[in-house]
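Here is a short briefing to read with the model open beside you.

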Amino acid sequence: MTEVNSLPPGARTALVIGGTRGLGRQLALRTRDSGLTTHVYGRSAHRTEEADQGFVPHELDLCDPVSVAAAPVTAPGPLYVFWVAGAFLKKPLARTADEDIEALTRLLLTGPLRLLRRILDAAPAQVHLVTIASSSGWRRRENEALYCALKAAQATVTRGLVPELVEDHPASRVTVVNPGGLAVPDFHSGLEIDYGTMMDPAEVAGIIWRTVREQTTSYTEMQILRSREPGREGVPLVSFGARAPEPPL
Ligand SMILES: NC(=O)c1ccc[n+]([C@@H]2O[C@H](COP(=O)([O-])OP(=O)(O)OC[C@H]3O[C@@H](n4cnc5c(N)ncnc54)[C@H](OP(=O)(O)O)[C@@H]3O)[C@@H](O)[C@H]2O)c1
């Protein structure tokens, strides 16, 4: 069976879940500029500039099951599916409202899984699933237990999908990406962050897209961590393979 990467750009489609801002937007720009029909999903997808910039926009609220069930998921031919949407939460669990637990779980896990189930069920050919998890899935963090757990779950569920994707289409591919801190002020709103020491999302998107296009194995997992070396702060450091969780203390 033909690999997605070996097909001409016009025969391929990219669906970017969370393609309206941040890292997802940068990935959508890469796929669009490579000639792929690029669908972007998000709550703000119906801004007029989306269609003007050559994207196919789909308004989607992952926290709303009705919106998830109604989002268009059919696209012709082999697909790249980028699972990127997310939000951050830094708060002790004891001070986190039930509604916030529910909303973050819907945004980072159950909403995307429902959407992905529909995408995979409708996919006419092989799929290359690219999941943007996080180094927070294995790093020791404080007051981020729920966020870290959901990012770890996102990576785990994606690894678990590999056998069934490959069984459906032997040429399907899966990439799990664990980035460290990105210079995306929207994501860290309310927190004091030195963005000069964080990674440029455009550069990280370029690394991801290059890795995805060159991937020949069914499954790849990568870490993209920021350098903390003086004078090289924020430079992306790429390595391959999963990481064991750090001890909590
Ligand atoms: N920033 C970092 O330092 C960092 C580090 C490691 C991993 N990550 C991961 O990278 C991913 C992207 O983060 P980012 O930094 O690019 O954040 P961002 O700029 O805040 O973008 C978040 C994206 O998620 C979408 N989104 C948020 N809530 C949504 C909802 N309820 N329904 C549908 N879409 C929703 C947003 O679209 P709308 O606003 O249009 O809904 C937007 O496209 C996240 O999964 C995050 O966990 C980020």
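In what follows, Ala, Val, Leu, Ile, Met, Phe, Trp, Tyr, Cys and Pro count as nonpolar, Asp, Glu, Lys and Arg as charged, and the others, Gly among them, as polar. With that sorting, the shell around the ligand holds 14 nonpolar, 11 polar and five charged residues. Please keep in mind that this is a predicted model.

**The ligand and its surroundings**

- The ligand is surrounded by 30 residues, and L23, R43, S44, V84 and Y147 are the closest of them.
- H188 takes part through its side chain, where an N or O atom is 3.3 Å from an oxygen atom of the ligand.
- How much of the ligand does the protein bury? Taken alone, the ligand exposes 890 Å², and the protein buries 96% of that.
- Two elements, α1 (22–33) and α5 (145–168), each give two or more residues to the shell around the ligand.

**Helix α1**

- This helix has 12 residues and reaches 17 Å from its first C-alpha to its last, close to the 16 Å expected at 1.5 Å a residue.
- Its buried residues are L23, G24, R25, Q26, L27, A28, L29 and T31; L23 is also one of the residues closest to the ligand.
- After α1 comes G35, which has a positive phi, near 95 degrees.

**The largest nonpolar core**

- In soluble globular proteins, nonpolar side chains tend to be buried together.
- Here the largest nonpolar core has 31 residues, and I17, L60, V81, L115 and I119 have the most contacts inside it.
- Elements giving two or more residues to this core are β1 (13–17), β4 (79–83), α4 (98–122), β5 (127–132) and α5.
- Which element gives the largest share of this core? That is α4, with seven residues.

**A lysine in α5**

- K151 is found in helix α5.
- Is K151 buried or exposed? Buried means under 20% relative accessible area, and K151 counts as buried because its relative accessibility is 4%.
- K151 and L108 are 43 residues apart in sequence, yet their C-alpha atoms are 7.2 Å apart in space.

How values were computed:
Residues are numbered from 1 along each chain as its sequence is written. This is a predicted model: local features need pLDDT of at least 70, side-chain atom pairs count only at pLDDT 80 or more; totals for chains, interfaces and linings use all residues. Side-chain values use heavy atoms; hydrogens and water are left out. A residue is near a molecule or strand if one of its heavy atoms lies within 4 Å of it. A polar contact is a pair of N or O atoms within 3.5 Å; within protein, one must be able to donate a hydrogen and the other to accept it, and residues adjacent in sequence count only if both atoms are side-chain atoms. Accessible areas come from the Shrake-Rupley method with a 1.4 Å probe; for residues, only the protein chains shown count as cover. Helices (H or I, at least four residues) and strands (E, at least two) are DSSP runs, numbered from the N terminus. The expected span of a helix is 1.5 Å times one less than its number of residues. Buried means under 20% relative accessible area, exposed over 50%, partly exposed in between (1.4 Å probe, protein chains only). A nonpolar core is a set of buried Ala, Val, Leu, Ile, Met, Phe, Trp, Tyr and Cys residues joined through side-chain atoms within 4.5 Å.
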